[in-house]
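Here are some friendly notes to read with the structure open beside you. Take the points one at a time and find each element on screen as you go.

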Amino acid sequence: MSGAPATPTHVDLNELSAMFEAVPYAKFLGVQLELKGDELTAILPFKDSLIGNPMLPALHGGVVGALMELTAVAQIFLAQGGKKIPKVIDISIDYLRSGRPVDTYARAHVTKLGRRIANVRVEAWQFDRADPIAALHGHFLLKSDEAEAEPKG
Amino acid sequence: MNDETPLWQKMATAGAMMIQGTPQARALGMRVISITEARAVVEVDWREDLVGDPETGVIASGVVTTLLDNTCGVAAFAALSEPMSTATLDLRIDYMRPAKKRATIRAEAHCYRMTKTVAFVRAFAFDGDDETDPVAAAQAAFMMGASGRMGKNRRPPK
């Protein structure tokens with residue numbers, strides 16, 4: 001796989017959690033991380049303030065998007081072996097089901113880890129991983145290369 | 001207000017209520033600035049607990065995502081002649097640059113096309129008055145008249 005690291009990375013859950021804990025917005029949402037081997041799962045425990053449609057009720061679409069974006073960031077951090085937090089360039093979200101008022105999970109796959117750009121796909125689910133509530137596809141700028149990201153001349 | 005009053009005008013009057021009734025919008029401190037026909041402007045202030053990058057203190061892109069999604073939804077609703085349930089189909093966002101630290105983010109959305117079933121919405125997010133220098137751009141599609149029975153989500157899916 002082009003660009004993907006050939007050897008397992010050496011980031012453990014503590015490092016990853018420390019990176020996440022330093023992000024106030026991740027705490028605002030209440031996102032937690034679980035790491036088994038190189039498989040990372042982000043968990044968004046339900047709380048009332050995450051609701052966007054009180055009639056159904058349903059999670060706010062922006063919250064589900066933000067959860068998947070944070071999952072992508074953590075997965076890139078892991079794939080890079082822990083460097084700076086990557087910066088989002090663009091995201092495209094498909095909403096497949098409305099998010100029920102229960103815990104939500106997300107996993108990301110780094111399709112390509114380039115020198116400057118990471119291409120990532122994420123899925124979020126609740127009851128059944130095979131029946132996702134939303135999917136995200138996005139590009140992220142790898143900040144450690146930011147200094148050389150600007151074309152010269 | 002009588003029955004002839006367009007929906008968007010009723011919404012404009014109830015703008016603050018629309019945020020109060022949406023827990024996540026309230027949690028982010030969103031403010032409706034204006035609602036006109038098929039258009040909406042909503043703001044969110046910078047806050048310490050909404051920071052996405054502790055090194056720079058810049059507001060999290062997730063906050064901008066939620067603000068844009070919310071504002072697009074309000075604009076789609078403001079394009080209707082009578083209320084109906086809506087569901088987001090997709091949302092695409094380009095983040096052109098980080099927002100300035102401590103800047104209020106303003107989202108401006110326009111529902112430029114409404115068919116019987118789908119609303120097409122475009123939006124920009126700004127951190128100042130310069131209309132040529134947006135922080136982010138969004139494109140969203142909403143399903144109109146989606147099956148949205150009250151309390152439907154209280155049961156798990158079949």
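1. Let us start where the two chains meet. The contact takes 35 residues from chain B and 36 residues from chain A; two residues are in contact if their C-beta atoms, placed from the backbone, lie within 7 Å. On the side of chain B that touches chain A, helix 3 (23-28), strand 3 (51-53), helix 4 (61-77) and strand 5 (86-95) of chain B each supply at least two residues. Helices (H or I, at least four residues) and strands (E, at least two) are DSSP runs, numbered from the N terminus. Strand 5 of chain B gives the largest share of that side, nine residues. By class, the side of chain B that touches chain A has 15 nonpolar, 12 polar and eight charged residues. Here Ala, Val, Leu, Ile, Met, Phe, Trp, Tyr, Cys and Pro count as nonpolar, Asp, Glu, Lys and Arg as charged, and the others, Gly among them, as polar.

2. A word on the model and its labels. This is a predicted model, in which local features need pLDDT of at least 70 and side-chain atom pairs count only at pLDDT 80 or more, while totals for chains, interfaces and linings use all residues. Residues are numbered from 1 along each chain as its sequence is written, and chains are lettered from A and ligands numbered from 1 in the order in which they are written.

3. Now look at the strands that join the chains. Strand 5 (residues 87-95) of chain A pairs with strand 5 of chain B in the antiparallel sense, over five bridges; two strands pair if DSSP finds at least two bridges between them. A:Ile91 has B:Ile93 as its bridge partner, and A:Asp94 stands opposite B:Asp90. On strand 8 of chain A, A:Asp94 also has a residue opposite, A:Ala135.

4. Strand 6 (residues 104-113) and strand 7 (residues 117-125) of chain A are antiparallel partners over eight bridges, and a hairpin joins them through three residues. One of the bridge pairs there is A:His109 with A:Arg121. Strand 7 of chain A also pairs with strand 8 (residues 134-141) of chain A, antiparallel over eight bridges, with A:Asn119 opposite A:His139. Eight bridges join strand 5 of chain A to strand 8 of chain A, again antiparallel.

5. A:Gln32 is worth a look in strand 1 (residues 32-36) of chain A. Because 14 other C-beta atoms lie within 10 Å, A:Gln32 is partly exposed. Leaving aside neighbours within four places in sequence, A:Gln32 is in contact with A:Ile43 and A:Pro45.

6. Finally, chain B by itself. Chain B has four helices and eight strands, following the pattern α-α-α-β-β-β-β-α-β-β-β-β along the sequence. The radius of gyration of chain B, taken over C-alpha atoms, is 16 Å, close to the 15 Å that the globule rule gives for 158 residues, so chain B is as compact as a globular protein of that length. That rule is 2.2 Å times the number of residues to the power 0.38. Of the 158 residues of chain B, 46% count as buried.

Note on methods. A residue is buried if 20 or more other C-beta atoms lie within 10 Å of its own, exposed if 12 or fewer, and partly exposed in between; C-beta atoms are placed from the backbone.
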